[in-house]
Amino acid sequence: MCHKLLFLFCIVASSTAFAKAVLERTIKERIVVANTVSLQVYHVAGSDPAIVFETGSAAPAIYWTLVLKGLSQRVPNTLLAYNREGYGKSELSHRAYSVDTDNRNLQQLLKALNISTPFIYVGHSYAYYVMQNYITYYPEQIAALLYVDPVTVYFIDKTQALTPDKLLPPLDTLPDNVFARALRRETQALSETVASVRPHQIPKKVPCRVIAAQYAFDPNKRDLKAWREGQNMLASHCNSQLIIAQNSDHTVPMKAPQIVIEQVIQLVQELTPKKGL
């Protein structure tokens with residue numbers, strides 16, 4: 001799995017300059033201290049429920065630029081994308097990595113920005129684990145979930161992606177910088193992360209949807225089958241059909257931002273009567 005993340009990082013890096021060029025002035029980039037660590041955020045002030053974006057592994061928050069831009073023009077909701085520790089300009093603390101820490105950081109970030117809960121949580125790829133952990137321990141803070149081409153526990157188990165020969169060797173090729181250290185510790189903790197999330201289920205009362213890329217980034221047919229099976233199982237739990245991002249590879253937020261935008265808008269509309277907006 002790790003070598004695939006490195007491949008994705010190359011794609012994201014090549015797109016960063018383009019993403020920066022299309023950031024709107026209403027999307028404010030700043031550094032905010034949360035849970036004693038400085039985190040880089042992209043924030044658009046607005047109404048409730050807020051829409052919060054969680055990136056995948058090896059992908060910075062600017063990855064959501066096109067989605068943020070599109071939504072800022074079409075909905076009045078607060079928008080927030082942020083970099084986890086060590087990503088982008090975010091500080092890397094000396095704490096051991098865990099999705100629990102990721103969740104606490106986000107909670108404190110929301111408080112620092114005066115963003116109310118519950119919020120709509122949107123996440124790509126590895127973000128599935130951060131989101132599953134959050135919804136398990138803080139279900140009252142989540143209004144809806146949108147998973148974008150998630151790397152499910154089912155996929156990890158079926159492909160034995162956590163074996164040392166698959167997981168660890170590619171880490172040796174990373175440079176010695178803050179981002180690489182963040183990615184190393186996130187990847188090295190993956191076994192514990194998957195184990196902690198494995199028993200969790202999404203509460204039935206929480207609306208959720210799953211977007212899948214038409215083209216997976218792994219060409220292995222067996223792995224592709226497991227990838228899609230895991231996503232279909234997740235969509236079934238959400239009582240919805242799997243939504244295919246046509247002509248997109250795994251980098252859906254950049255290659256097919258419109259489908260993410262449309263699904264978020266539908267969730268906002270679905271929640272509107274319930275919140276009396």
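How much space lies in the largest cavity?

Guide: Happy to walk you through it. This is a predicted model, where local features need pLDDT of at least 70, side-chain atom pairs count only at pLDDT 80 or more, and totals for chains, interfaces and linings use all residues. Residues are numbered from 1 along each chain as its sequence is written, and side-chain values use heavy atoms, with hydrogens and water left out.

About 80 Å³ of space lies in the largest cavity. Its lining has 13 residues, and R84, E85, Y97, D102 and R185 are the closest to the centre. Two elements, α3 (99-112) and α7 (178-188), each give two or more residues to that lining. By type, the lining residues divide into 5 nonpolar, 3 polar and 5 charged; here Ala, Val, Leu, Ile, Met, Phe, Trp, Tyr, Cys and Pro count as nonpolar, Asp, Glu, Lys and Arg as charged, and the others, Gly among them, as polar. The structure holds 2 cavities of 30 Å³ or more. A cavity is a set of points on a 1 Å grid over the protein atoms alone where a 1.4 Å probe fits but cannot get out, and lining residues have an atom within 4 Å of a point. The volume is the space filled by probe spheres set on the points, which are joined across faces, edges and corners.

Two of those central lining residues, R84 and E85, also touch L39. L39 lies in strand β2 (residues 37-44), strands being DSSP runs of E with at least two residues and helices runs of H or I with at least four, numbered from the N terminus. At 0% relative accessibility, L39 counts as buried, meaning under 20% relative accessible area with a 1.4 Å probe and protein chains only. Leaving aside residues up to four places away in sequence, the contacts of L39 (heavy atoms within 4.5 Å) also include I31, V32, Y82, N105 and L109. From L39 to G88 it is 49 residues in sequence and 8.8 Å in space, C-alpha to C-alpha.

Y82, one of the residues that L39 touches, belongs to strand β4 (residues 77-82), which runs parallel to β3 and is joined to it by 4 bridges; two strands pair if DSSP finds at least two bridges between them. One of the bridge pairs is S47 with N77. In strand β3 (residues 47-54), 6 of the 8 residues are buried, so the strand is largely enclosed by the rest of the structure.

Key:
On a 1 Å grid over the protein atoms alone, a cavity is a set of points where a 1.4 Å probe fits but cannot get out, and a pocket is an open set with protein on both sides within 12 Å along at least five of seven lines; lining residues have an atom within 4 Å of a point. Buried means under 20% relative accessible area, exposed over 50%, partly exposed in between (1.4 Å probe, protein chains only).
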